[in-house]
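Please consult the sequence and structure shown below.

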Amino acid sequence: MKFGWTATVHGLHKRRMFQGIALAGMIIAAPGSAGGIAGVDVQDDHVVVRFDDRVNGASAFLLDAPRRIALDIDGARMGRGQFTPGRGHIAAVRQGQLTGDTARVVLDLAGPATLGDPQIAADGKSLSFSLQGVTDGRFRTEVGRGRTRFDAPADMAARPQRRIHSITVPIPAAARGIALPPVEGAQDGARPLVVIDAGHGGHDPGAINKDNGKREKDVTLAIAQAIRDQLVKSGRVRVALTRDDDKFLVLQERYGIARKLGADLFISVHADAAENAEAHGATVYTLSETASDREAARLAARENKADIINGVNLGGQSGDVSSILIDLTQRESMNISANFARLLQREAAPFVPFRSTYHRFASLMVLKAPDTPSVLFETGYISNADDAAFLASREGQGKIARGVARAIEVHFARKLAMRGAAAGG
């Protein structure tokens, strides 16, 4: 059976996206007042961050290699206050401006420690917490828990509402500073293009099986290569890999490659992990600003932090812009992605074991290309012995590849049939 797929549907989809952006220049808040960081006081293992004006809230997460605690403070700006390096678990204190109204304080730790009893004062002008020494294993566990959020007291006076102004909203920039990968498969440029993204890589190993040392970055690369080979063999689509070796890409570079190449479909391949070693099976994630459950929210926190290296966020896209892009330019992409997620489970189920709740939603940065339908495919749990063996084996990788290839071919065959019906009508 021959397929005459072209880029017509994708081009129409992109035009609709840009029309949505043309309507977007009406809603974003102007910068408001923000409390500057007046100082960080350390007494033994008790820490107080002081501000010269009240702040809105804060969150914290742990980073390893080297060990650090990062504090993101909403409604704050980096200041010129004194930063006392202190004693105990804290070796040094640094600050920086993460976004226009969010400051970051990084505590370099002298040893493994966790944060406890965080409190924002009733006047909103200080944040205090304690530090507790823990074992290396406990510290790594806490790193995996992701971000902890603590809000200002409920009875604190609210800030005045920000005025609404009109601005333009940019689409996230395509990949910069990296060479685009080769496009393989059919030589016909009108054939659909699928970009396969092998999750993690380089200094970011992803999840690791604690018993056998299997690393997520290795199995995702092998699976992505197997999917590519299967698609090239079929000759029905063109395919490119975001990475074909062990290198690191920030999340926006990954979907930026897909946008730069004009991809019709983007699939990010991952292997899940859980503290419960019995958890097993594949899951397909599509984009939502509201995660479908707590597990999806934890996944989003873990995967999105892949861009935070040495206390600096390399992604650089503000939450306001992300939200507006979701609202105004991604509805069609999200619908197509959700339909493909259901199709992927149906076609791949004979080859790959899925979880009973196989389709979930999360606010994953790697899925936020506004004009490219995208899914994140958690092919199984690397923390589960049986899943890890399946994912690391040639046989398992081949089965995953066959299931994904079948779903891709049916997906584009449907689009061809819909276009033919529209032309005949």
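Are Phe354 and Tyr358 buried or exposed? Both Phe354 and Tyr358 are buried, where buried means under 20% relative accessible area, exposed over 50% and partly exposed in between, for a 1.4 Å probe and protein chains only.

The model is predicted: local features need pLDDT of at least 70, side-chain atom pairs count only at pLDDT 80 or more, and totals for chains, interfaces and linings use all residues. Residues are numbered from 1 along each chain as its sequence is written, and side-chain values use heavy atoms, with hydrogens and water left out.

**Strand E22**
- Strand E22 (residues 374–381) is largely enclosed by the rest of the structure, because eight of its eight residues are buried; strands (E, at least two residues) are DSSP runs numbered from the N terminus.
- E22 pairs in the parallel sense with strand E17 (residues 265–272) over six bridges, pairing being defined by at least two DSSP bridges between two strands.
- Tyr381 in E22 is the bridge partner of Asp272.
- With strand E18 (residues 282–287), E22 pairs in the antiparallel sense over three bridges, and Glu378 in E22 is the bridge partner of Thr283.

**Aromatic contacts**
- The whole structure contains two aromatic pairs (ring centres of Phe, Tyr or the six-membered ring of Trp within 6.5 Å; planes under 30 degrees apart are stacked, over 60 edge-to-face, the rest tilted).
- Phe354 and Tyr358 pair edge-to-face, at 6.4 Å centre to centre and 85° between the planes.
- Phe354 and Phe377 are stacked, at 6.0 Å centre to centre and 20° between the planes.
- Phe354, Tyr358 and Phe377 form one aromatic cluster.

Conventions: Helix = DSSP H or I, 4+ residues; strand = E, 2+ residues; numbered from the N terminus.
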